[in-house]
Amino acid sequence: MDSVNRHGEIILLNCRILLSDSEQLLSALDAGNRVRIGIRLREDSSTISFFNPRARQFEYQREVRWDPVERLYVIEEQDGERRFYSHKDALLDTVAFFEELPVTIDSGEHSFRLRGEIQWKMLIPPLNILSPFLQKLHTTTPWKQIEISRPKSESGDKGT
């Protein structure tokens with residue numbers, strides 16, 4: 001995690017996934033694969049279990065692909081925003097950096113676990129049902145423990 005900023009009740013995280021092999025990403029894109037890169041943030045609390053549907057979890061993902069017609073790399077965010085890159089170095093500088101990820105938390109101390117996830121090839125339906133079982137298609141970083149705190153506001157409301 002690069003930094004934490006506060007904006008009222010919302011915490012904004014800046015995170016970067018460290019790609020161990022950027023050539024693997026470029027090779028996957030050159031082969032015509034769509035690659036999904038994401039950040040998973042899970043609250044680490046004794047009252048929240050993996051099977052608890054109320055567990056607070058945040059996921060941020062983007063898809064990356066090579067457009068052979070336009071001859072550009074394309075990053076598509078979850079909200080549909082697209083960014084285009086003509087050079088691989090510019091793509092590699094930005095593809096694994098997630099800026100201002102919003103996390104809404106109550107005041108107090110919170111412990112989270114954070115990790116990066118890469119899906120090297122996105123299968124089309126109905127084959128995509130097999131994705132969780134094809135381990136070679138996925139890479140995950142180890143979980144990293146982070147502590148985030150949000151003080152109570154002096155005006156008595158929930159945020160600062």
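How many helices and strands does the protein have? It has 2 helices and 10 strands, where helices (H or I, at least four residues) and strands (E, at least two) are DSSP runs, numbered from the N terminus. Along the sequence they follow the pattern β-β-α-β-β-β-β-α-β-β-β-β.

A word on the source. The model is predicted, so local features need pLDDT of at least 70 and side-chain atom pairs count only at pLDDT 80 or more, while totals for chains, interfaces and linings use all residues. Residues are numbered from 1 along each chain as its sequence is written, and side-chain values use heavy atoms, with hydrogens and water left out.

Now the overall figures. Of the 160 residues of the protein, 34% count as buried; buried means under 20% relative accessible area, exposed over 50%, and partly exposed in between (1.4 Å probe, protein chains only). The protein exposes about 10,000 Å², and carbon and sulfur atoms supply 51% of that area. Accessible areas come from the Shrake-Rupley method with a 1.4 Å probe, and for residues only the protein chains shown count as cover. Taking contacts with a separation of 6 or more, 63% are between residues 24 or more positions apart; contact means heavy atoms within 4.5 Å.

As examples, R36 has E63 as its bridge partner in β4, and E43 has F112 as its bridge partner in β8.

Next, charged side chains. A salt bridge is a side-chain nitrogen of Lys or Arg within 4 Å of a carboxyl oxygen of Asp or Glu. By this rule there are 9 salt bridges. One of them joins E63 and R36, with the closest N and O atoms 3.4 Å apart. This pair links distant parts of the chain, since E63 is in β4 and R36 in β3, 27 residues apart. E63 is partly exposed at 21% relative accessible area, and R36 is partly exposed at 25%.

A second salt bridge is between E77 and R62, at 3.0 Å from N to O. E77 lies in strand β5 (residues 72-77) and R62 in β4, so the pair ties together parts that are 15 residues apart in sequence. E77 counts as buried at 17% relative accessibility, and R62 counts as buried at 5%.

Salt bridges that share partners join R40, E59, R115 and E117 into one network. E117 itself is buried, with a relative accessible area of 14%.

Last, R42. What R42 does have is a polar contact of 2.9 Å between its side chain and that of Q57. A polar contact is a pair of N or O atoms within 3.5 Å; within protein, one must be able to donate a hydrogen and the other to accept it, and residues adjacent in sequence count only if both atoms are side-chain atoms.

Technical notes
Two strands pair if DSSP finds at least two bridges between them.
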